[in-house]
Amino acid sequence: MNAQPRRVEHQQTDKGNVPVYTTAVVEQPWASYSSEDHQVWAQLFERQQKVLVDRACDEFLENQQRFGMTPDAIPKFDDLNPVLKKATGWELIGVEGLLPELTFFDHLANRRFPVTWWIRRPDQIDYISEPDLFHDLFGHVPLLLNPIFADYMQAYGRGGVKAHGIGAEALVNLTRLYWYTVEFGLIKQRDGLRIYGSGIVSSKGESIYSLESESPNRIGFDLKRIMRTRYRIDTFQKTYFVIDSFEQLMDATKPDFTPIYAELANGESLPAGKVLDSDRVFHRGTGEGWATDGDV
Ligand code: PHE
Ligand code: CO
């Protein structure tokens, strides 16, 4: 048997809360979860199930049901994997924390989705700065059952390996795309805007804020525009980008990004809250409550 996997978290230093990276792939140590761990899962799961009715997009809600996850216990990766493998060929792998970029891209390019094995503590129910099991499993995994989104995630991984070879600036552009789609994307459904981004779906506060608050901008998806836009990591987003469909996302990201990276390399980035004349504006944010410190 392997040693107990580590719980690799951000570290508190004199420079603040800094991420720590780790490459290990680990067995999910399911038998070692405490009753407190299972209770944290139950609390988050039940709360988000209620919040996401009429807020998460149909594809998320329908696919989530197919896994049969329940509040009763933290799901076993081994129980989810056969469903996922059969549907789209994806596989969940256990990890100890954040992965270095290239390692992460390589997993995605091979249809392996890394899931942090450990879950947040009770005092972190409302906010944790790094991904934990709840974010990864509840937030990301349902859409991996959607064939188009499953292909998008693999294409992103391949694109990441390529961007990594091009240079740091290309990676910044590509990371913004991930942030504003996979993590914080909204989608226009026949009955209005809905959530598909995992960072929103796994947060009660941001699920409500992203759709219902007057503060943030909601702007139509535009690839190059997104690649130029900085973002927030420690507050709710100032801007959310809205896709019309997963097909649109797939089509818009199909072209080779190499010339786009070259074109953007000479330009300035945009502040997270900026609205341009060329934007397709669904909602212009009031900016109320926005932090004035820097965007990433
Ligand atoms: N088409 C992109 C490229 O050539 C790859 C990619 C696809 C990136 C989908 C993100 C999402 O780099
Ligand atoms: Co995530």
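The model is predicted, so to speak of local features we need pLDDT of at least 70, side-chain atom pairs count only at pLDDT 80 or more, and totals for chains, interfaces and linings use all residues. Residues are numbered from 1 along each chain as its sequence is written, chains are lettered from A and ligands numbered from 1 in the order in which they are written, and side-chain values use heavy atoms, with hydrogens and water left out.

**The two sheets**

Helices (H or I, at least four residues) and strands (E, at least two) are DSSP runs, numbered from the N terminus, and two strands pair if DSSP finds at least two bridges between them. Strands of a sheet pair through backbone hydrogen bonds, either parallel or antiparallel.

Let us start with the open, mixed sheet of 3 strands, ordered E3-E4-E5. Its edges are strand E3 (25-26) and strand E5 (112-116), each pairing on one side only. Strand E4 (residues 91-95) runs parallel to E5, and 5 bridges join them. Leu92 has Phe113 of E5 as its bridge partner. Helix H5 (residues 133-140) packs on this sheet and touches E4 and E5, its direction making about 140 degrees with that of E5. Here contact means heavy atoms within 4.5 Å; axes are lines fitted to C-alpha atoms, for helices over the stretch in contact, and angles run from 0 to 180 degrees between N-to-C directions.

The other sheet has 5 strands in the order E7-E6-E9-E8-E10, again open and mixed. E7 and strand E10 (281-283) are the edge strands, each pairing on one side only. On average, neighbouring strands of this sheet are turned by 35 degrees against each other, direction ignored.

**The cobalt site**

His135 (NE2), His140 (NE2) and Glu183 (OE) coordinate the cobalt ion (ligand 2) at 1.9 to 2.1 Å. Donors are N, O and S atoms within 2.8 Å of the metal (3.2 Å for Na, K and Ca); water is not among the atoms, so sites may look incomplete. Along the sequence the donor residues follow the spacing H-x4-H-x42-E. Both His135 and His140 are buried, where buried means under 20% relative accessible area, exposed over 50% and partly exposed in between (1.4 Å probe, protein chains only).

**Around ligand 1**

The residues surrounding ligand 1 include Tyr152, Tyr156, Leu174, Pro255 and Phe257; a residue is near a molecule or strand if one of its heavy atoms lies within 4 Å of it. The table gives polar contacts, here pairs of N or O atoms within 3.5 Å.

| Ligand 1 atom | Residue and part | Distance |
|---|---|---|
| oxygen | Lys162, side-chain N or O | 2.5 Å |
| nitrogen | Thr253, polar backbone atom | 2.7 Å |
| nitrogen | Lys254, polar backbone atom | 3.5 Å |

**Helix H2 and positive phi angles**

The buried residues of H2 are Asp58, Phe60, Asn63, Gln64 and Phe67. Among the elements they pack against are H1, helix H3 (77-88) and H5. Just after H2, Gly68 has a positive phi of about 65 degrees.

Most residues other than glycine have a negative phi. Asp54, however, has phi near 65 degrees, and lies in the loop between helix H1 (35-52) and helix H2 (58-67). Arg111 has phi near 60 degrees and sits in the loop between helix H4 (101-109) and E5. Asp54 is exposed, with a relative accessible area of 57%, whereas Arg111 counts as buried at 15% relative accessibility.

Notes. Polar contact = N/O pair within 3.5 Å; in protein donor to acceptor, adjacent residues only side chain to side chain.
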